[in-house]
Amino acid sequence: MRRQTLIVVTLLAAAACARQPEPPKAASPRVPMTGPLIAATVSMKAAWEFPRNPLDDTTLDTSRLSEEIRRGFRLFTNTPAEAPRLAPGGMACTNCHMNAGQRERSMPLVDVAGMFPEYNRRSGRLYSLGDRITDCFLRSENATGVLAPEELPNPSSPEVLAISAYITWLARDAAMGKNPSWRGQNTIPASALVPLEKLDMAKGEAIYTDRCATCHGPDGQGVQIGDKIAGPLWGPRSWNDGAGAARVYTLAGMIRYSMPYLDPGNITDEDAQHVAAFINSKPRPAYPFKDRDYRVEKLPPDAVYYTRLQTKLSAVPSSADLVRSARAEGER
C-alpha cells in the first residue's frame, strides 16, 4: 500500500500541477514510443520521461546557446519556479504539452519550429515562434492577469527566447517547412463534432464528477496530494478566456487524448465534448485584448467566451454552420 501511494503522488505531477520539482535527469525513456514521441496510451508512470533531454545531452557545451537551450527546458518543465511572474496560476508549459512537448497527441512540439513563421487565424497575421510562445504566456498562463502592460512578455523577452531555443533544439534534425505527421492529431474529427447547442453541460458535469474530480476536485481547483496539486480548470488561477483551451472543441481534443491521465484516451469523442462544454461554462480570468482577435477571420463557433459577448446582438449559429466552421478552423 505504501508503494502504491508513493507512485500515485509522484505521477500526479504531470496533471497540470503547481510547485513542481526540478525534473530528474532521466535517460531515454523505457516506455512505449510512437516514433520520437512517448505513446499517447502511456499513463502517468511516464510523467517525467523525456526522450530528448538537454540536461543530459553531451553534445551541448558551455556556449551561450547551449545554456539557453537548457534554461528553456527548465522553464518549460517548471514554469512557476523559473518564471513565477509569467505563470501566476502555477501552471507549467508541460502541463498541456506533456512530457516537455514530446508526448503523442498532447500537442507535441518535436520538429515544429521549422514551420514558423505561419499564419495565425486568431490574429490574422503571420506568427513567429516567439509570437506563439508569447501568446501562451499571455493567455494560457494568464500573465495578463497580474502584469502591467509594459511588463507583459514579448518575443524578445528572455524567457520567450530561451523556450524558443529549446523548441528549436527539438527540431534540430527536421526539414524546414515540413509539417510533422504528429502535429494537429489532438483534435476531435470533424465527423464526430457535436453542435454546441446539443452539448449537455449537465452530462458533462456528471462525467467530470466520475472521471475528473478525483484529481481536479469537485470545485475544479485541484486536489492537494503531498506537495502536488492538479491544476485548476476554472476560476482565477486557470487559463483566461482568450486561451486556446477556452474553445470547446479545442479543449475537447485535449481531454479526449490526454485524460484521464491514469487511463489516457479512455473517453469518447462525444463525452470529451460534453466535459469541455461544462468546463468552459465556468468563469475564468478575462483576456483584456479579445477585441483584437478574429478581426480578419471569422469567429469560430466554439469560442464561447467571445460569442457570449455577442449573444444579444446575433442569433445562435445553426448546426450546419457550426460543423462547417469547425472543419475550417484548425487553430489551437
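User: What does "buried" mean when reading a structure?

Analyst: A residue is buried if its relative accessible area is under 20%. The structure here is a predicted model. In its protein chain of 332 residues, buried residues make up 55%.

User: How many of the residues of helix α9 are buried?

Analyst: In α9, 11 of the 11 residues are buried, so this helix is largely enclosed by the rest of the structure. Among them are V248, Y249, T250 and L251, as well as R256 and S258.

User: Which helix does α9 cross, and at what angle?

Analyst: Helix α9, residues 248-258, crosses helix α10, residues 269-279, at roughly 125°. Their axes come within 8 Å. The crossing is right-handed.

User: Which residues of α9 and α10 meet?

Analyst: On the α9 side they are V248, Y249, L251, A252, I255, R256 and Y257. On the α10 side they are D269, A272, Q273, V275, A276, A277 and I279. By class, this contact of α9 with α10 has 11 nonpolar, 1 polar and 2 charged residues.

User: How are helices α2 and α6 placed: parallel or perpendicular?

Analyst: Angles of 65 to 115 degrees count as roughly perpendicular. Helix α2 (residues 64-77) packs against helix α6 (residues 158-170) at about 100°, and the two axes are 7 Å apart. The two helices are therefore roughly perpendicular to each other. From α2, the residues in the contact include L65, E68, I69, R71 and F73; from α6, they include P158, E159, A162, Y166 and W169. The contact of α2 with α6 divides into 11 nonpolar, 1 polar and 3 charged residues.

User: What helices and strands does the protein chain have in total, and how far apart in sequence are the residues in contact?

Analyst: The protein chain has 12 helices and 6 strands. Of its contacts between residues at least 6 apart in sequence, 69% join residues at least 24 apart.

Definitions and conventions
Residues are numbered from 1 along each chain as its sequence is written. This is a predicted model: local features need pLDDT of at least 70, side-chain atom pairs count only at pLDDT 80 or more; totals for chains, interfaces and linings use all residues. Side-chain values use heavy atoms; hydrogens and water are left out. Axes are lines fitted to C-alpha atoms, for helices over the stretch in contact, and angles run from 0 to 180 degrees between N-to-C directions. Helices (H or I, at least four residues) and strands (E, at least two) are DSSP runs, numbered from the N terminus. A crossing is left-handed if the near helix is turned anticlockwise from the far one by less than a right angle, and right-handed if clockwise. Contact means heavy atoms within 4.5 Å. Ala, Val, Leu, Ile, Met, Phe, Trp, Tyr, Cys and Pro count as nonpolar, Asp, Glu, Lys and Arg as charged, and the others, Gly among them, as polar. Buried means under 20% relative accessible area, exposed over 50%, partly exposed in between (1.4 Å probe, protein chains only). Angles under 35 degrees count as roughly parallel, over 145 as roughly antiparallel, 65 to 115 as roughly perpendicular and the rest as oblique.
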